[in-house]
Amino acid sequence: MNYRDTVNWMFQQLPMYQNKGNSAFKKDLTNTLSLAKHLNHPEECFKSIHVAGTNGKGSTSHMLASVLQEAGYKVGLYTSPHLKDFRERIRINGQVITKPSVIGFIKRNKAFLEANNLSFFEMTVGMAFDYFAKQKVDIAIIEVGLGGRLDSTNIITPQLSVITNIGFDHVQILGNTLKDIAAEKAGIIKKNVPVVIGETQTETADVFKVKAKTMLSEIYFADQLINTIFETDLKGAYQKHNLKTVIQSVKVLNNLGFSISEQHLEKGLLNVVDNTGLQGRWQILDKTPMIICDTAHNKEGLTSVMTQLEEEAFYHLHMVFGVVSDKDLQSIIPLLPKHATYYFCQPNVQRGLDAEILKKTFQNYGLIGSVYKSVPLALSAAKSVANVNDLIYVGGSTFVVAEII
């Protein structure tokens with residue numbers, strides 16, 4: 001199989017959360033542990049940092065990778081989902097995994113993957129760990145896919161665990177209270193491994209304190225400890241929380257024997273996009289008119305992004321918007337601007353919500369717009385009527401953003 005054949009096989013033959021949603025999530029690490037054994041435990045061959053959280057874990061992971069790269073380390077980075085190409089999920093020093101490496105991994109292990117009915121995410125985690133081990137990275141930043149305790153990435157014993165924050169997302173899987181969700185995320189806290197919590201939240205702080213005490217882990221609440229923040233090339237206002245998380249994490253890493261100077265920290269934070277290839281976070285696509293996209297897709301993420309959007313100067317606002325079908329619309333629609341023209345679209349994944357349904361639901365809240373057959377057509381329609389002083393926002397789902405960057 002060539003690269004396209006290989007990736008198509010991965011996408012089509014096995015459950016994939018990106019397309020299937022909850023039915024693709026396995027509440028069990030048995031498959032991942034079996035694959036790790038089959039691969040001779042590559043996860044034991046490199047140091048790692050494990051990053052969980054409802055919002056900000058992707059940005060935090062990329063920031064940490066950028067800082068460590070500036071400090072001279074060979075840095076693996078595993079994140080999900082991808083925006084354009086599957087290989088974005090697995091990087092070393094910002095460079096995506098090679099096509100031959102993807103093809104070779106599947107070719108060598110296809111019989112095992114099929115015989116054990118591994119999910120898309122399980123095999124991808126195995127591929128990442130195998131690649132990082134073979135390439136002898138100094139350290140890998142591993143972003144949790146979903147939750148923490150039962151996530152496929154949770155077979156590692158990292159140098160540091162990081163939990164950015166807790167919000168209501170994937171409640172069908174993780175629980176419908178912040179405490180329940182926090183307990184799932186706290187599953188990445190390992191014995192004698194320090195943990196950095198990004199944001200202190202009344203409902204969840206004790207969950208993390210109790211878990212850390214049980215695991216004999218030092219716990220640090222970044223927002224209580226960090227007062228000085230540095231500039232970053234990631235311009236979303238919400239990044240201030242992630243910055244504090246990263247700065248505290250660097251302090252802990254230095255205590256563990258890493259060598260990261262303040263200059264490395266400053267340069268790393270200023271060059272996240274160049275160093276890691278991160279996209280889709282308050283990304284400016286054009287300036288005449290201003291077009292901004294962001295992957296925020298839940299209540300907490302959208303609250304911050306919509307606040308920042310209101311602070312922008314524009315004559316009229318155009319909202320290109322689409323979501324996945326399991327999205328709790330009642331929690332996010334009240335956050336969205338009423339004095340805007342909406343361009344409803346369905347992201348091109350199986351989980352995408354029909355744009356007609358989206359339009360009808362929005363109309364109940366007084367948000368008016370038209371339906372378009374695709375995300376690119378919706379953006380094209382907005383661009384055709386917007387004047388140079390208007391602003392076009394594209395978002396609602398990672399998968400909407402993926403289609404236009």
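Q: How are helix 4 and helix 11 oriented to each other?
A: This is a predicted model, where local features need pLDDT of at least 70, side-chain atom pairs count only at pLDDT 80 or more, and totals for chains, interfaces and linings use all residues. Residues are numbered from 1 along each chain as its sequence is written, and side-chain values use heavy atoms, with hydrogens and water left out. Helices here are DSSP runs of H or I with at least four residues, strands are E runs of at least two, and both are numbered from the N terminus. Angles under 35 degrees count as roughly parallel, over 145 as roughly antiparallel, 65 to 115 as roughly perpendicular and the rest as oblique, and helix 4 and helix 11 are therefore oblique.

Q: At what angle do helix 4 and helix 11 pack?
A: Axes are lines fitted to C-alpha atoms, for helices over the stretch in contact, and angles run from 0 to 180 degrees between N-to-C directions. For helix 4 and helix 11 (residues 239-255), the axes are 9 Å apart and the angle is about 45 degrees.

Q: Which hand does the crossing of helix 4 and helix 11 have?
A: A crossing is left-handed if the near helix is turned anticlockwise from the far one by less than a right angle, and right-handed if clockwise. The crossing of helix 4 and helix 11 is right-handed.

Q: Which residues of helix 4 make the contact with helix 11?
A: Contact means heavy atoms within 4.5 Å. Helix 11 brings Q239, N242, L243, T245, V246, S249 and V250, and helix 4 brings S59, T60, M63, L64 and V67.

Q: How do the residues of the contact of helix 4 with helix 11 divide by class?
A: Ala, Val, Leu, Ile, Met, Phe, Trp, Tyr, Cys and Pro count as nonpolar, Asp, Glu, Lys and Arg as charged, and the others, Gly among them, as polar. The contact of helix 4 with helix 11 comes out as six nonpolar, six polar and no charged.

Q: Which residue forms a salt bridge with K267?
A: A salt bridge is a side-chain nitrogen of Lys or Arg within 4 Å of a carboxyl oxygen of Asp or Glu. For K267, the closest N and O atoms are 3.8 Å apart, and the partner is E70. The pair links distant parts of the chain, 197 residues apart: K267 is in helix 12 (residues 262-270), and its partner in helix 4 (residues 57-70) is E70.

Q: Is D130 buried or exposed?
A: D130 meets K134 in a salt bridge at 2.9 Å, N to O, and both lie in helix 6 (residues 120-134), four residues apart, about one turn of the helix. Buried means under 20% relative accessible area, exposed over 50%, and partly exposed in between (1.4 Å probe, protein chains only). K134 counts as exposed at 51%, whereas D130, at 7%, is buried.

Q: Which residues outside its sequence neighbourhood is T124 in contact with?
A: T124 is in helix 6 and is buried, at 0% relative accessibility. Leaving aside neighbours within four places in sequence, its contacts are M10, Y78, F86, R89 and I90.

Q: How far apart in space are C345 and V320?
A: C345 is in the loop between strand 12 and helix 16, buried at 0% relative accessible area. C345 and V320 are 25 residues apart in sequence, and C-alpha to C-alpha they are apart by 7.3 Å.

Q: What is omega for the cis peptide bond that joins T288 and P289?
A: P289 is found in the loop between strand 9 (283-287) and strand 10 (290-293). The cis bond joining T288 and P289 has an omega of about 0 degrees.
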